[in-house]
Structures are given as C-alpha cells and as structure tokens.
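Subject: Structure for your files

Hello,

I am passing on the structure below, with notes on what turned up in it. Please read the notes with the coordinates open.

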Amino acid sequence: MSTDILRQMYRMAAVLGILPFLLVESARAQTTTNSPGRLQKFLKLPDWSGIWSLKGSPALLDADNGKPFAPGTRDHPPYTPEWEAKYQADLIRAEHQGDANFPNPLVDTHTVYCAAGMPHIIGTPFDYEFIVTPEETWIIVDKENRHIYTDGRGFPPEDELWPTMLGRSIGHWEGQTLVVETISVKSGLWADFTPAMLSEQARFNERIRQIDANTLEDQVTIMDPVAFTKPWTFTKHYTRMKPMMWVAEPETCGTPGDRNPIVDGRVTVVLPAAK
C-alpha cells in the first residue's frame, strides 16, 4: 500500500473521529507479531544459521562414506518383488540415459524437472540453509524451498491434496529436535542418484537435530504400503561451513546455459567453449 493511500486513510479516519482507534489497532497488531511470548519461543529454538553441506555420499545411505553405486555400501529400499523387478530394470535404463544408441533410456528426474523433490532433496551435493521460526522452518536447497509448518496446523483435507515434488510437511519441536511428517509427494521421482522410486502413498518421518556445534543429523523413516515390505530408515549428516561463506549459485537448468540438456529424450553434455 502506497504512502499517499495511507495518508488519505488516516485523514479520513481523523474526520470520522476513528483515528485513535486505528492507531491503537495498528500498534496492537505489531505488538502481537513481536510479542514477548513469540520472542520467548524464538529463544527456545536452536541456531541453525549459516550454510551447511552434506557429509558423505549423496545416496540415501546409512554410512557417510558410502559410494552411490558401490555394491554393498548402499542401503536398499525394502521393495516388494514387483517393485524390486522394476527397480532392477530401471537401473539398466538409467545407465544408458546419455546413450544415443540405447532404445529406451531413463533420464534422471532431477534433470527432467530441474529439481530434486522428496526424498532426493535430503541428500544432494548442493548447499543447505535452515531458517527456523516458531511458526515454520524453511529448508532451502539450490532453487527448492521446503516449508515445514510448526504452527499447530494439520494437513490439508484430502480433496485439497495433490502430489507435488516436495509434498506437504508439518512438524513440531521435541526439545531441540524438529519432528517432521511429509505426505502427498509426487510418484516417479528418483529417490537419489538411482531410479529408486516410491508410490504416492509414501509417508516420510524425520527427526532433525544438532548433534554438535557444526553437525546436523536427519534421521529418516519412509513408509510406503504399496512399494515396501517394511519401513526404510537411514540417517544423513550435514556440516556447517565456515562463517561468512556465500551460498553457491543455483544450478542452471533448462536454459541455453544448461550443461546437460535433454535432446530427444536423452541427456547430452555440452562441453565448455574453447577460450
């Protein structure tokens, strides 16, 4: 609202004799927003400021030093036989996503959507930022923003839910631990750097806490009654980077500057121009 419009409103309020009422209500609104009670809630929240980076492998592993494609080091989704067979077939297709001669390649959905989605966003090589308030916590990764509401709301009603890349997340604090529940995530997304996919009935539970001055921990449990025979659990850690660091430039994707454009359903690589 412009300053001129505000002046006109207050001038009219003065004529009508309600200016004192408007001034009181305006002050009351500001006082409520920054009330002592809200400030006390802030004081109880942990300080997760700064820039954080994933520790160890970007695969959804329970070992920080595990390699994404090394046999025996990767936690395997507890798939049903049907989903396991599809996963094994997709692994072969994914290995050929840049092969012009392969008949049916499978392109990484991070490349397709220019976004990781859930649960891939839990383990990426990009910078992490956490903004913590009494009502909501934001997790910012590259161009994606997770909204975790801690204001007491429940999930939207079923007829207002539709699957999205990051789903809907609500949470609450148990001491210094943020407990998060996420539902309504779009199916068909790669869970990490392999085509491990989930159904739209998957639910995600997380317990995020700071375990020392420069380490955050995210304990994750994924339940999928369609794709899994039991819950899938793993833990990721994030290290706080040096103070005064600048967050990395967001990845260029889907533009002429994209280094890996999709051409005819296949990933291609554009080499840097000679200088």
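I start with a pair of strands: strand 2 (residues 128-132) and strand 3 (residues 136-141) pair in the antiparallel sense, over five bridges. Bear in mind throughout that this is a predicted model. The two strands form a hairpin, with three residues between them. Within this pairing, valine 132 of strand 2 stands opposite threonine 137 in strand 3.

Strand 3 also pairs with strand 4 (residues 144-149); these two run antiparallel and are joined by six bridges. Here isoleucine 140 has asparagine 145 in strand 4 as its bridge partner. Strand 3 and strand 4 form a hairpin as well, with two residues between the strands, and in that hairpin aspartate 142 takes a positive phi near 55 degrees.

As for the chain as a whole, it has five helices and 11 strands. It is made of 275 residues, of which 37% count as buried. If you take the contacts between residues at least 6 apart in sequence, 53% of them join residues at least 24 apart. The accessible surface comes to about 16,000 Å², and carbon and sulfur atoms account for 58% of that.

In soluble globular proteins, nonpolar side chains tend to be buried together. The largest nonpolar core in this model has 38 residues, and Tyr128 and Ile222 touch the most other members. Two or more residues of this core come from each of strand 1, strand 2, strand 3, strand 6 (177-183), strand 7 (203-212), strand 8 (215-223) and strand 9 (232-240). Leaving aside residues up to four places away in sequence, isoleucine 222 touches Pro119, Leu198, Ala202, Arg203, Phe204, Phe228, Pro231, Trp232 and Phe234.

One loop residue is also worth a look. Aspartate 47 sits in the loop between helix 3 (36-44) and strand 1 (52-55). Its side chain makes a polar contact with the side chain of serine 49, at 2.7 Å. Which residues does aspartate 47 touch, not counting those up to four places away in sequence? They are Gln210 and Arg240. Aspartate 47 and glutamine 210 are 163 residues apart in sequence, yet their C-alpha atoms are 9.0 Å apart in space.

Regards

How values were computed:
Residues numbered from 1 in each chain as written. Predicted model: local features only at pLDDT ≥ 70, side-chain atom pairs only at ≥ 80, totals over all residues. Heavy atoms only, no water. Helix = DSSP H or I, 4+ residues; strand = E, 2+ residues; numbered from the N terminus. Buried < 20%, exposed > 50% of the residue type's maximum accessible area, 1.4 Å probe, protein only. Contact = heavy atoms within 4.5 Å. Areas by Shrake-Rupley, 256 points an atom, 1.4 Å probe, with all protein chains shown as cover. Polar contact = N/O pair within 3.5 Å; in protein donor to acceptor, adjacent residues only side chain to side chain. Pairing = 2+ DSSP bridges. Core = buried A, V, L, I, M, F, W, Y, C linked by side-chain atoms within 4.5 Å.
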